[in-house]
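Dear colleague,

I am handing over the structure we spoke about, and below it I set out what was found. Please read the notes with the sequence and the structure side by side.

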Amino acid sequence: MNPENFVSRSLILRLSLLAALFAAMTFASAQTSAQRAKSADVLPAGSAQVIQPQELAQALKGADAQKPVVLYVGPKTFFMQAHIPGAEFIGPVSKPEGMEKLRARAASLSKNGPVVIYCGCCPWDHCPNIRPAFAELKKAGFTRVRVLYLATSFGANWAEKGLPVAKGE
Amino acid sequence: MRRLAPVIAIAVLALGVYVGFRMRRQHSATASISSLPVAPASTKVSGGSSDLPPAPELSLTDLNGRVLGPSSFKGKVVLVNFWAAWCGPCAEEVPQFIALQKKYQDQGLQVIGVSIDDDPEVLRRFYRKYQMNYPVVPGDPKLSDAFGGVLGLPTTFVIGRDNRIHGKHLGATDFPAINHEVVELLHSPKS
């Protein structure tokens, strides 16, 4: 074989492999970014389905008939330390038992009444509980369900802002 | 055909770069309109050492059954990271805590992971997969209360050699900042 041809073929092969590898890596990275964007899209922070902490705290001061039902869908260990007064413990709906409990509780609620879901176990875009809980209640026909916006956590965006908390079960 | 091969290779490369950057750009545009910024909150406790809150006396049993009493941490700089394997941003931070432990362990740093609401088997698998080089203990409300309450993950406390709490990081950990705090505390006297 002509040595020039051999060098040229080897170079072409290497270039092609490098190109394919680079394209695959770029594609994989773009896919991950797209998935994250999709997850954040489900509940945009500024949308009508989201309620801000101050607005909820104000709503909970109102007359009983106007108050929303507040459902906590995060881990028990946080709820035991501090939760929104009057909130009901459901548990993490990312687990099957939590989702079952949410369905059971939803069955006894009016579908036209105001319901607020909250978790705050971890940063908003990464919470594994609020989106499935919201989707489940919407699927069940709830018309006034909203999610409490806690950007960093319940601690940072509710308790440390001086909003009311209760301890224990 | 042989002459065309480099052209094809370069075209594939260019296409890959174009697709990747286009998707990234779309992602940043979507993120900017759909999410409010999720800023980590950090508190660096200031004032003289005697003004700082004392760290709780730790007596822990890790995943491997190893008992870690107060003497295990005496005179060390300790990072207590409340996290969970199910919490995406917490899990992503583990390799960086592993790197910190490796880098500064000989100078007296001890990282401790406190896992919240993890399934024990999932946690063990995670521990093995990431070859975690620091102890992980299952958390409970009592341990969280001892730190004044932990109401969200990740949360990291920075304890100095003087056994006082020098910092608290809420949300995604700012590793350059925590690295700086660790270095500063490693060079400080024990009391």
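In which sense do strand 5 and strand 6 of chain B pair, and over how many bridges? Please keep in mind that the model is predicted. Strand 5 of chain B and strand 6 of chain B, the latter made of residues 136-138, pair in the parallel sense, and 3 bridges hold the pairing. Within this pairing, B:Val114 has B:Val137 in strand 6 of chain B as its bridge partner. Between the two strands lies helix 3 of chain B, residues 120-129, and together the three elements make a right-handed β-α-β unit.

Strand 5 of chain B, which spans residues 109-115, also pairs with strand 4 of chain B, residues 77-83. These two strands run parallel and are joined by 7 bridges, and B:Ser115 in strand 5 of chain B is the bridge partner of B:Trp83. To get from strand 4 to strand 5 of chain B, the chain passes through helix 2 of chain B, residues 88-104, in a β-α-β crossover that is right-handed. Strand 5 of chain B is mostly covered, with 6 of its 7 residues buried.

A further residue to look at is B:Phe175, which is found in helix 5 of chain B, residues 175-186. B:Phe175 counts as partly exposed because it has 14 C-beta neighbours inside 10 Å, a count that falls between the cut-offs of 12 or fewer for exposed and 20 or more for buried. B:Phe175 and B:Leu100 are 75 residues apart in sequence, while their C-alpha atoms are 9.3 Å apart in space.

With best wishes

Terms used:
Residues are numbered from 1 along each chain as its sequence is written. Chains are lettered from A and ligands numbered from 1 in the order in which they are written. This is a predicted model: local features need pLDDT of at least 70, side-chain atom pairs count only at pLDDT 80 or more; totals for chains, interfaces and linings use all residues. Helices (H or I, at least four residues) and strands (E, at least two) are DSSP runs, numbered from the N terminus. Two strands pair if DSSP finds at least two bridges between them. A crossover is right-handed if, with the strands pointing away from the viewer, the path from the first strand over the helix to the second runs clockwise.
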